[in-house]
Amino acid sequence: MAQEKPILKLCKLQCPKTKRITLLPTVNGDYHAPPIRRRCSPEIATCRLAMKPKKIRKYPCIVQNFINLKSRGQLREAVDTLPLLSRKGILLNSKIIASLLQQCANSKSIKEGRWVHVHLKITGSNHPNTFLANHLVNMYAKCGDHVKAREVFDKMRVRNLYSWNNMLTGYSNLGMVKAAKRLFDKMPERDFVSWNTMVMAYVQSGWFDEALRFYMELRRSDIGFNEYSFAGVLTVCVKLRDLWLAKQLHCQVLVLGYMSNVILLSSVLDAYAKCGEMGDAKRLFDEMNGRDILAWTTLLSGYAKCGDMKSAQEVFDEMPEKNSVSWTSLIAGYAHKGMGHHALELFTKMIKLDVKPDQFTYSSLFFACASIISPNHGMQLHSHLITAGIRLNVVVLSSLIDMYSKCGNFGVAKSVFDVTPNKQHVVLWNTMISALAHHGCGKQAIKMFVDMVRLGMKPDSVTFLVLINACSRSGLVQEGICLFESMKSDYKMDPDQQHYACLIVLLGRSGCFDEMMNQLKKMPCEPDDHVWNALVGVCRIHGNVELGRMVGRHLVDLEPQSLAAYLLLSGIYAALGRWESAQEVRELMRSRNLEKDRALSWLEIDRKLHIGSKPGSLHDPERNTISVMELLTDKSLLRDTDV
């Protein structure tokens, strides 16, 4: 059969981009490029590229299965596939291994991370390249194994600046400041990331002076800085309540042109709020061009913590959007202001709007229940917490124990503590010791302290504060003095003003005035309002007029807004018959806008709360008043009485 003669024709081809028509040669209908190589027009080149199929990178099935497991977050299953890959002789590229190590670091899965490291050794990478070694260091550091991280770092043949910063960050996050400083001193070169890391390391360890020194050295150097350079030093402002430093940093942020950074401005706003300067905080908030939910919540939280609940409520109502943190900030403000009922009402609205509460929300609510002594609401919230499936952290557990204790149900508080599986946190023990102190069980509190130390727990300053308070409430004078001395000699802790205030109350309640004055003379610093207020209480208990007059005058000069000092002075002058002096103190109170809090009474009947601030306001004035004893002894009166 004769071979078919090829037919050469020209066909029209339209370019999809330019829409121009070009004649292309075809043989029997198929396109064949001309044999002569010559420069073609751009339209023909574009059409040829469009006709050429794209190359799609395909992995072997076993590798594709591994990648699918990794992308779905099935880390353990993906790592279990590595031995099979090594037996098949399949080598994964560095990017895939690095991505797997990053997943291990983010999830803190050190077991899987070690298997990936073993896989690298099996496949011949005893000394991985710098890229992979950096990821190994990061993985071990984030998982808390600084020894292995440093071992990988030391074996690196080539280290870049990222390698040094990576190891430095690992030490910083683990709180190993001295190791970080030694590494910092050995660095062949440093950038602002290195300096920022050291500042944050000192801040997180409480070495604020060193943090400020490093920040000032960074500013004086020609290395440069970024917006993250302010993060550590702004934290120092918040911790130290240093208003002058906050204003200096605000000026630097303004001069350097970072006023458009909402996160940085929110940090400055938080520093002003923590220092109690809500006027400056509000002015900065009004000057912000873009306000996100963080800025709104920071201003709200500032007002709430300062006790200005009217302004906090106004900010909350004006917020364009709210999240769980916003609701929790307002609830916490009402709870700590003593307005527990408002906090509970706000929580009800929060649930109706389907806003999910978090652990801090429940912690504030338990505090609210403790402040108004409402065990029924506390139990309902406890049940709601369990059904919501929220994991109980230390803060929630301590608030729960404190709530049951202050509501008079110490047995349930003890049960919550006993069933807690992990008691390796000093806050739980401090809360339980405080509960025993609240119920006057001083000896049991000391026994619990002994059990705590026997289990290897290290007490902190709060532990000794609640212990001395427990001894004070139970009249255990010698035990309290021994604990105070043990704090200094055995645990190398310096007592602060609150510790001395508790010791003054302990000695003063027992009438040991000579020892009390001796301890006052031994104080390494001048007494502050905590100690003087403790002396006010002692004078009120024993009716020591002369000492009370001296203490009251000093406290008025030291703390002009302290209501207790004015009331003590007025009462002392009245007891001495000096009515003119007592009236002068009252006039001074009014001139400084100080008013004694009105007594508040409440009675809950049929799940309805009746609140009154005047005598008899809980009762119908047109009907005869029935005493509480009558109501308790005859329940029929409770049903028949319209309260």
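Which residue just after α26 takes a positive phi? Gly 456 does, with a value of about 90°.

**The chain as a whole**

This is a predicted model, in which local features need pLDDT of at least 70, side-chain atom pairs count only at pLDDT 80 or more, and totals for chains, interfaces and linings use all residues. Residues are numbered from 1 along each chain as its sequence is written, and side-chain values use heavy atoms, with hydrogens and water left out.

The protein chain contains 36 helices and five strands. Both kinds of element are DSSP runs numbered from the N terminus: helices are H or I and have at least four residues, and strands are E and have at least two. Of its 643 residues, 41% count as buried. Buried means under 20% relative accessible area, exposed means over 50%, and partly exposed lies in between, with a 1.4 Å probe and protein chains only. A contact means heavy atoms within 4.5 Å. Among contacts between residues at least 6 apart in sequence, 54% join residues at least 24 apart.

Helix α26 covers residues 442-454. The expected span of a helix is 1.5 Å times one less than its number of residues.

The buried residues of α26 are Gly 442, Ala 445, Ile 446, Met 448, Phe 449 and Met 452. Seen down the axis of α26, these residues fall within an arc of 160°, so they line one face of the helix. The arc is that of the directions from the helix axis to the C-beta atoms. An α-helix has 3.6 residues a turn, so residues three or four places apart point the same way. The face of α26 turned away from the buried side carries the exposed residues Lys 443, Lys 447 and Arg 454. The cover over the buried residues of α26 includes α24 (410-419), α25 (426-438), α27 (461-474) and α28 (477-489).

Pro 459 is in the loop between α26 and α27. With 3% relative accessibility, Pro 459 counts as buried. Leaving aside neighbours within four places in sequence, Pro 459 is in contact with Val 426, Phe 449, Met 452, Phe 464, Tyr 491 and Met 493. Phe 449 and Met 452 are among the buried residues of α26. His 425 is 34 residues from Pro 459 along the chain, and their C-alpha atoms are separated by 9.7 Å.

In helix α18 (residues 309-318), Met 309, Ser 311, Ala 312, Val 315 and Phe 316 are buried. They cover an arc of only 160° around the axis, which puts them on the same side of α18. Lys 310, Asp 317 and Glu 318 are exposed on the other side. The buried residues of α18 pack against α17 and α19 (324-336).

Thr 298 lies in α17 (residues 293-305). Thr 298 is buried, with a relative accessible area of 10%. Beyond its neighbours within four places in sequence, Thr 298 is in contact with Ser 266, Leu 269 and Asp 270.

**Two helix pairs**

Axes are lines fitted to C-alpha atoms, for helices over the stretch in contact, and angles run from 0 to 180 degrees between N-to-C directions.

| Helix pair | Angle | Axis separation |
|---|---|---|
| α6 (residues 110-122) and α7 (residues 130-142) | about 155° | 10 Å |
| α2 (residues 61-71) and α5 (residues 94-106) | about 30° | 11 Å |

In the α6 pair, Ile 110, Gly 113, Arg 114, His 117 and Leu 120 of α6 meet Leu 132, Leu 136, Met 139 and Tyr 140 of α7. In the α2 pair, Phe 66, Ile 67 and Lys 70 of α2 meet Ile 96, Ser 99, Leu 100 and Gln 103 of α5.

Most residues other than glycine have a negative phi. Arg 241 is not a glycine, yet has a positive phi of about 55°. Arg 241 sits in the loop between α13 (229-240) and α14 (243-255), and is partly exposed, with a relative accessible area of 47%. Lys 492 also has a positive phi, near 55°. Lys 492 is in the loop between α28 and α29 (497-509) and is exposed, with a relative accessible area of 67%.
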